[in-house]
Amino acid sequence: MSALHDWLDRYLRALEQDNASPYTIKNYGTDIAQFLDACEGQGITSLDGLTRDVVRGYMANLDENGYVRASIARRIFELRAFGDFLVRHHAWEQNLFRRIHAPRLAERLPRYLTPDEVKRLITAPDLRDPKGLRDRAILEVLYASGMRVSELAALNLDDLDLDAGEARVIGKGNKERIVLLGTPAIAALRSYLNQGRPAQMGKTASRAVFLNRQGGRLSSRSVDTLVRTAGVAAGIRQTVTPHLLRHTFATHMLDGGADLRVVQELLGHENVVTTQIYASVTQRRAREIYLRAHP
């Protein structure tokens with residue numbers, strides 16, 4: 001293994017320890033490895049050989065081969081994060097990837113579900129069996145709290161305080177925060193914990209809140225699959241994912257008059273600028289309603 005790929009492996013292990021989603025780890029690993037392979041094809045086998053011109057040449061090659069701007073911008077973002085890791089571990093003095101400008105993109109506002117679609121989604125699981133009770137609880141919790149799929153999959157029983165309507169989650173950067181659970185989510189969790197979960201438990205006791213068929217912890221990938229399946233069962237035309245429910249939580253909170261800083265804290269965003277994109281959604285919809293309604 002080359003020194004370049006050795007650093008990539010260390011970075012991916014660090015992402016895993018920071019509770020990054022499996023999809024993030026897979027995408028970062030694939031895209032950064034593609035760049036490092038291209039460097040090795042030019043005889044570059046160490047970090048010292050990486051220069052601004054090398055990176056620019058690689059990005060220009062992607063453009064010539066028909067990669068869209070969003071894909072190129074994503075790779076630059078991933079390399080910047082990788083470079084920050086190298087600087088933190090004293091492999092580099094400065095992050096040269098941050099000197100590479102990403103192509104400008106048109107602003108893409110996050111998609112979200114309407115309240116009626118959320119209701120149809122949440123009522124899709126069959127509550128007559130343990131799996132249905134589990135899936136209903138998962139959908140309720142994702143919508144009520146806005147937590148990430150990796151945070152939900154990592155929930156342990158002692159992270160829940162249903163009397164207070166709270167859950168403790170470990171987010172990006174191994175940072176702990178408290179998320180809130182509404183009355184429907186609490187009721188769904190109680191039903192699952194009292195009736196569904198005991199029927200799913202295996203021979204070995206698990207601390208995980210959400211269990212799979214074998215009684216082990218339900219994976220992020222499995223949560224993603226069941227959410228998508230529920231979306232199809234509910235007749236929702238767009239693909240429903242846990243991240244879409246996170247978008248929906250933020251949008252509905254701001255629609256209901258929540259303070260932007262409160263939503264930022266509940267989502268676990270480091271910077272309020274990240275949260276402001278949801279405010280743009282509500283402002284755009286307010287403008288559309290105004291233009292339709294005002295004579």
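**Note on helices and aromatic pairs**

1. Helix H9 covers residues 220-233, and at 1.5 Å a residue its 14 residues should span 20 Å; the end C-alpha atoms are 20 Å apart, which agrees. The model is a predicted one, and this agreement concerns the coordinates of H9 as modelled.

2. Which residues of H9 are buried? They are Ser220, Val223, Asp224, Leu226, Val227, Ala230 and Gly231. Around the axis these residues cover an arc of only 165°, which puts them on the same side of H9. The face turned away from that buried side carries Val232 and Ala233, both exposed.

3. What do the buried residues of H9 pack against? Their partners are H2, helix H5 (115-122), helix H6 (130-145), helix H7 (149-153) and helix H10 (242-255). After H9 comes glycine 235, with a positive phi near 75°.

4. Aspartate 135 is placed in helix H6. Its relative accessibility is 7%, and since buried means under 20%, aspartate 135 counts as buried. The side chain of aspartate 135 makes a polar contact of 3.0 Å with the side chain of arginine 134. When neighbours within four places in sequence are left aside, aspartate 135 is in contact with Pro125 and Leu226. Leu226 is itself one of the buried residues of H9.

5. Helix H3 can be checked in the same manner. At 1.5 Å a residue, its 13 residues should span 18 Å, and the end C-alpha atoms are 18 Å apart, which agrees. The buried residues of H3 are Val54, Val55, Tyr58, Met59 and Leu62. Viewed down the axis of H3, they fall within an arc of 130°, so they line one face of the helix.

6. The other side of H3 has Asp53, Asp63 and Glu64, which are exposed. H2 and H4 are included in what covers the buried residues of H3. Just after H3, glycine 66 has a positive phi of about 90°.

7. On aromatic residues, a search of the whole structure finds eight aromatic pairs. In one of them, tyrosine 11 and phenylalanine 82, the ring centres are 5.4 Å apart and the planes stand at 45°, so the pair is tilted. This pair links distant parts of the chain, with tyrosine 11 in helix H1 (residues 3-17) and phenylalanine 82 in helix H4 (residues 69-88), 71 residues apart. Tyrosine 11 and phenylalanine 82 are both buried.

8. How are the rings of phenylalanine 35 and tyrosine 58 arranged? Their centres are 5.1 Å apart and their planes at 70°; an angle over 60 degrees counts as edge-to-face, so this pair is edge-to-face. Phenylalanine 35 lies in helix H2 (residues 22-41) and tyrosine 58 in helix H3 (residues 52-64), so the pair ties together parts that are 23 residues apart in sequence. Phenylalanine 35 counts as buried at 1% relative accessibility, and tyrosine 58 counts as buried at 8%.

9. Which residues form one aromatic cluster? The members are Trp7, Tyr11, Tyr28, Phe82 and Phe85. Tyr11 and Phe82 in this cluster are the two residues of the tilted pair.

Technical notes. Residues are numbered from 1 along each chain as its sequence is written. This is a predicted model: local features need pLDDT of at least 70, side-chain atom pairs count only at pLDDT 80 or more; totals for chains, interfaces and linings use all residues. Side-chain values use heavy atoms; hydrogens and water are left out. Rings of Phe, Tyr and Trp (its six-membered ring) pair if their centres lie within 6.5 Å; planes under 30 degrees apart count as stacked, over 60 as edge-to-face and the rest as tilted. Helices (H or I, at least four residues) and strands (E, at least two) are DSSP runs, numbered from the N terminus. Buried means under 20% relative accessible area, exposed over 50%, partly exposed in between (1.4 Å probe, protein chains only). The expected span of a helix is 1.5 Å times one less than its number of residues. The arc is that of the directions from the helix axis to the C-beta atoms. Contact means heavy atoms within 4.5 Å. A polar contact is a pair of N or O atoms within 3.5 Å; within protein, one must be able to donate a hydrogen and the other to accept it, and residues adjacent in sequence count only if both atoms are side-chain atoms.
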